[in-house]
Amino acid sequence: KREILKKAFGSPWFSGEEMLFHCPKCGHEKKKMSINIDKNAFKCWVCGYSGNKISQLISRHAPEHYAAWSDLSDEVDLSKYEFIFEEVAETPDQVMSFPSEFKTLTGPKTGDKIKALNYLYSRDISDLDILRWKIGFCDFGDYEGRIIVPSFNSKGKLNYFIARSYTDDWMKYKNPRASKDVVFNDLNIDWDDDIVIVEGVFDAIRHKNCIPILGSSLRESHKLFQKVCRVKREVFLALDEDAKNKEFHIARRFREYGVVCRSIEVSPYPDLAEMPRSDFLTRKQNADFMTDFDYLQYKLDF
């Protein structure tokens, strides 16, 4: 297989188990497209071109070598078969209303708005973040003294919100009595780019194209899991260190549906929200593929 790749894309560089070639899509002068034969995946770290079948790469950019590659793989050409599926109705999106006491954080900085803003600034959340995420607050009512971070579905309808105390309330979070089975802030997600799955909303605000699962588990029936499997984008998992065991289980489920997963190391930071953006980008670029062998090694180490 290595010899076929050399014939198709030229002489490579080697980085561990990965072979680095010039990207046939963007044509970058440096060898930035990594191919991992064991994981059957490829990705260009310049233009983001990626996939979880090397045969697709060869078929598109070096078709003269496709037959030879197919002879060495166990892949099946599905174009020779016809499948008929029954339509399955999707569960309607949850639609909610803002708390009646909700106020925006735009405009003059007065009263409790200053306290709410100072809390967000203390977490290194900028005015641009506040505007992009449409963050507000409540200074009275059921959610008094709380930051409100709304979530909008793909059609711009409110489907959930997080209410986080900016005072010394013993209950940090007081969220609505509604289902968390939503793609949080789907409206602002670029589904043509890599997806980063994180635990909390403040982790997501901190970094680009992150989706919080509002916890540390993700079931196959969850709307987020199903949408990721449909769009087939590469997934980066960045859960807190104490949820590393669950992270491996999430990755295993995704792999069963053909979704490639990588792991972004969060330690020694307590969570992703505390990690500087520059450090996050470096760790994301160097993130490793997640395999069953990695899980076994993790269990042996701990």
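**View 1. The largest nonpolar core of this predicted model has 42 residues.** Inside this core, Leu120, Ile135 and Val149 have the most contacts. Strand β9 gives the largest share, with five residues.

**View 2. Here's Val149 and its contacts.** Skip the neighbours within four places in sequence, and Val149 is in contact with Trp133, Ile135, Phe161, Ile162, Phe184, Val201 and Ile205. There's also a second, separate core of 23 residues, and Trp191, Ile213, Phe225 and Cys229 are among its members.

**View 3. Helix α4 spans residues 112-122 and has a buried side.** Its buried residues are Lys113, Ala116, Leu117, Tyr119 and Leu120. They sit on the same side of α4 because they cover an arc of only 155° around the axis. A handy rule: an α-helix has 3.6 residues a turn, so residues three or four places apart point the same way. The buried residues of α4 pack against several elements, including α5 (127-133), β8 (146-152) and α6 (201-206). On the face turned away from the buried side, you'll find Lys115 and Ser122, both exposed.

**View 4. Five strands make an open sheet in the order β11-β10-β12-β13-β14.** The pairing is mixed. β11 (210-212) and β14 (288-289) stand at the edges with a single partner strand each, so one side of each has no neighbour in the sheet. Strands β12 (residues 235-237) and β13 (residues 261-263) run parallel, joined by three bridges. Look for Leu237 there: it stands opposite Ser263 in β13.

Conventions:
Residues numbered from 1 in each chain as written. Predicted model: local features only at pLDDT ≥ 70, side-chain atom pairs only at ≥ 80, totals over all residues. Heavy atoms only, no water. Pairing = 2+ DSSP bridges. Helix = DSSP H or I, 4+ residues; strand = E, 2+ residues; numbered from the N terminus. Buried < 20%, exposed > 50% of the residue type's maximum accessible area, 1.4 Å probe, protein only. Arc of directions from axis to C-beta. Contact = heavy atoms within 4.5 Å. Core = buried A, V, L, I, M, F, W, Y, C linked by side-chain atoms within 4.5 Å.
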